[in-house]
Number of protein chains: 2
Amino acid sequence: MSKPEIHTMEELSAAIGVSRPTLSRYFQDPTKVSRSSVERIQRGLEQVDYTPNFFATRMNRKTTGMIGVIIPYLNDLFFTRLLESIEKAAMTAGYTVITQCSHSDPEIEKRAAETFLSMNVDGAIVAPLGDESDLKVYERLNARLPFVMMDSRPGTLANVDFVGTDHPQSTGLITEYLCRVGPPPIFLAMPRVNFNAMERERAYIAKMDELGFDPVVVGTEAVQPLWHFEAHGLAVLSDLFAKGQFLTSSVLCVNDRVAIGALRAATDHGLEPGALRKGGLRIAGHDDYPLCPYTTPTLTTVAQNVALIGQTAVDRLLEKFRAENKSENQVVHLIDGTLKIRQSA
Amino acid sequence: MSKPEIHTMEELSAAIGVSRPTLSRYFQDPTKVSRSSVERIQRGLEQVDYTPNFFATRMNRKTTGMIGVIIPYLNDLFFTRLLESIEKAAMTAGYTVITQCSHSDPEIEKRAAETFLSMNVDGAIVAPLGDESDLKVYERLNARLPFVMMDSRPGTLANVDFVGTDHPQSTGLITEYLCRVGPPPIFLAMPRVNFNAMERERAYIAKMDELGFDPVVVGTEAVQPLWHFEAHGLAVLSDLFAKGQFLTSSVLCVNDRVAIGALRAATDHGLEPGALRKGGLRIAGHDDYPLCPYTTPTLTTVAQNVALIGQTAVDRLLEKFRAENKSENQVVHLIDGTLKIRQSA
DNA sequence: CAAAGACTTTTACATGCGTCAACGATAAGG
DNA sequence: CCTTATCGTTGACGCATGTAAAAGTCTTTG
């Protein structure tokens, strides 16, 4: 960069002969400055290297143009897709997204929330960690900011906007499908610390009851670190196979990552899960993880509409920005899942 | 929140009877304030709800305590693992990580770099997009900040620190392995826009030459959107199978995601890739994607030491912080890959 | 040609906190 | 009890920009 560096608007204003406040207005919205000044400023900017200081601008503006997003895990393509759709929606609306990951640690989640408050973000979107989270963190955000909870939610939290999949619908859909085309499925669950995992488990049981079948739930004990979903599915199913159980049943997994582990367990035991093998083992998941079309066999699942969830969360936040403090009622968006029938069930 | 909210240090200082500068020093480092003041302040903080303003603190400090990180894709577990290791290393060192994703768009990558400059981050770590990136963006960052490039690098960029896998070593390792235990592999490449993809391709050719085999490279034409690696592997290999080629060869894929697509192609064509099938099709990848132990067959690959790469990148940045402007020479850390022998080859 | 009107620009103050130099208090030494 | 050294405290200024109100400027109208 051979261009001389200029660090403040003051210097810039001296360099190109336009007053500093005019420059300030130019950088916020060039149309608020007269045609002639715009040209003078633009000619000037070509000569030097200057960008307004991020902190100084944000500190004084009423609105920071920033949205804070917290997700629980990073190493999960479901959340990265969600994040991607949020970032794109926010970018389109002219907002900057600041992402923080809780890394499965409630303490980090709490710190991230405090950071957002101290940054005066315009709003926050949070996908909560689960049972171990401090609910006060969410209440605090909700009380002080436009706030939307996403993906999963604690049952006890009142008056918080929510956007996520309609799990009774989505899990009901695949449960019904599995029952229709083969033996009724058992449910390969997870330790009951994740709100969605619990919702899906309940939805499975409700649908089974409705259809007149006996629900069977396995895998609620933690045998692996919580976020190693594949390892969990593998361990639970391997264990059952070793005992000679469920070798020719249907298995509905709480999510696709668990299902991928389950597929491995099945293959390890010489089984080939698939819809075509009437009466044989079938395995299905939930989410439509991006790798589902590439597993062997390809994985039957229910797709969450990730793009719509992210977009809706941002849209709802934007609504709240406009509504200011006209205290509205709680808004809950439940989005339908879509059956993705592939080879595994 | 029944606690009264306090928005400025000024108010807080009035509320608990300690001068504002003392509070300022307390929040930066409590040991710089006398024992008695610390107690007064802590008692006061229990009564009210206050956090120092993020922007105001950052604007005035010489050092912002922030590290900017840019990664090219989000929907890739390799990068999320890298990000995770960076965040943990940075957190341990007391730094806050601000992450931006380029979403495969050089324009976004450029904006992210500008944002970091305007935020006065203490340093930046960038995993570049590839051939389409504007190299001036990296030069600009390197000239103005402690800067480390990570994962892959443009060949033409001089005097920039780098941390990444030693691809001649890692790719050489698996090429040699494949040649040793079976027929010499063809290389399932990618369009030549990704620096690492090119490095691995060259490393494969070099090793094949060294071993006296004829290198064969396929898949350099783009048939899918660039970042759909699995779809690329599937499409390229399916195409070749349809023409009756390479049905019983070995295939070294440029990375594991491509290999996962290749596995699917093989299975679709009734083939069962595996090391045990002497003379039959074998498929291997590169990276040790977290799902490799769960694919069918489990995927043989070379692991990149993600944790070490992330840690080293942060460490190097910290070194540069201390070194100030004592212009040191360029430092390049090349980290060995490790062979992960599984079922597929 | 003067006055009114519609914009622009500028003046002056505000934002929330870091930092230094001067100040004050406290404890050790005589 | 007074002096000196030490350490923590505070007043005053600085940081890079936003913003409301006052002061231009130029065009339009009577």
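**Entry 1: helix α6 of chain A**

I began with the buried residues of α6(A), and I found that they pack against β1 (66-71), β2 (96-101), β3 (123-126) and α7 (135-144) of chain A, together with α4 (54-60) and α5 (77-92) of chain B. I note here that the model is predicted, and I keep that in mind for every entry below.

Which residues of α6(A) are buried? I listed Ile108(A), Glu109(A), Ala112(A), Ala113(A), Phe116(A), Leu117(A) and Ser118(A).

I then checked the length of the helix, which runs over residues 106-118 of chain A.

Next I looked at what lies at the ends of α6(A). The N-terminal end is capped by Asp105(A), which has a side-chain oxygen 2.8 Å from the backbone nitrogen of Glu107(A). The helix is followed by Asn120(A), and I noted that the phi of Asn120(A) is positive, near 55°.

**Entry 2: Glu87 of chain B**

I turned to Glu87(B), which I located in helix α5 of chain B. Glu87(B) is buried and yet has no salt bridge; when I looked for the nearest side chain of opposite charge, I found Lys88(B), 8.5 Å away.

With which side chain does the side chain of Glu87(B) make a polar contact? I found that the partner is the side chain of His103(A), at 2.5 Å. Leaving out residues up to four places away in sequence, I recorded that Glu87(B) touches Cys101(A) and His103(A) as well as Val97(B) and Thr99(B).

**Entry 3: how the two chains are related**

I looked up the superposition of the copies and saw that chain A is placed on chain B by a rotation of 180° with 0.0 Å of shift along its axis, at an RMSD of 0.1 Å. The two copies are therefore related as by a two-fold rotation axis. In chain A, the C-alpha nearest the axis belongs to Phe55(A), and this atom is 2.5 Å from the axis.

I also compared the interface residues: 100% of those of chain A are interface residues in chain B too, so the copies meet through the same surface.

**Entry 4: Ala313 of chain A**

Last, I looked up Ala313(A), which lies in helix α12 (residues 306-323) of chain A. Is Ala313(A) buried or exposed? Its relative accessibility is 0%, so I count Ala313(A) as buried.

Not counting residues up to four places away in sequence, I found that Ala313(A) touches Ile125(A), Val148(A), Met150(A) and Val163(A). I also noted that Ala313(A) and Met9(A) are 304 residues apart along the chain, while their C-alpha atoms are separated by 36 Å.

Technical notes
Residues numbered from 1 in each chain as written. Chains lettered and ligands numbered in written order. Predicted model: local features only at pLDDT ≥ 70, side-chain atom pairs only at ≥ 80, totals over all residues. Heavy atoms only, no water. Helix = DSSP H or I, 4+ residues; strand = E, 2+ residues; numbered from the N terminus. Expected span 1.5 Å × (residues − 1). Buried < 20%, exposed > 50% of the residue type's maximum accessible area, 1.4 Å probe, protein only. Contact = heavy atoms within 4.5 Å. Polar contact = N/O pair within 3.5 Å; in protein donor to acceptor, adjacent residues only side chain to side chain. Lys, Arg positive; Asp, Glu negative; His and termini not counted. Salt bridge = Lys/Arg side-chain N within 4 Å of Asp/Glu carboxyl O. Least-squares fit on C-alpha atoms with pLDDT ≥ 70 in both.
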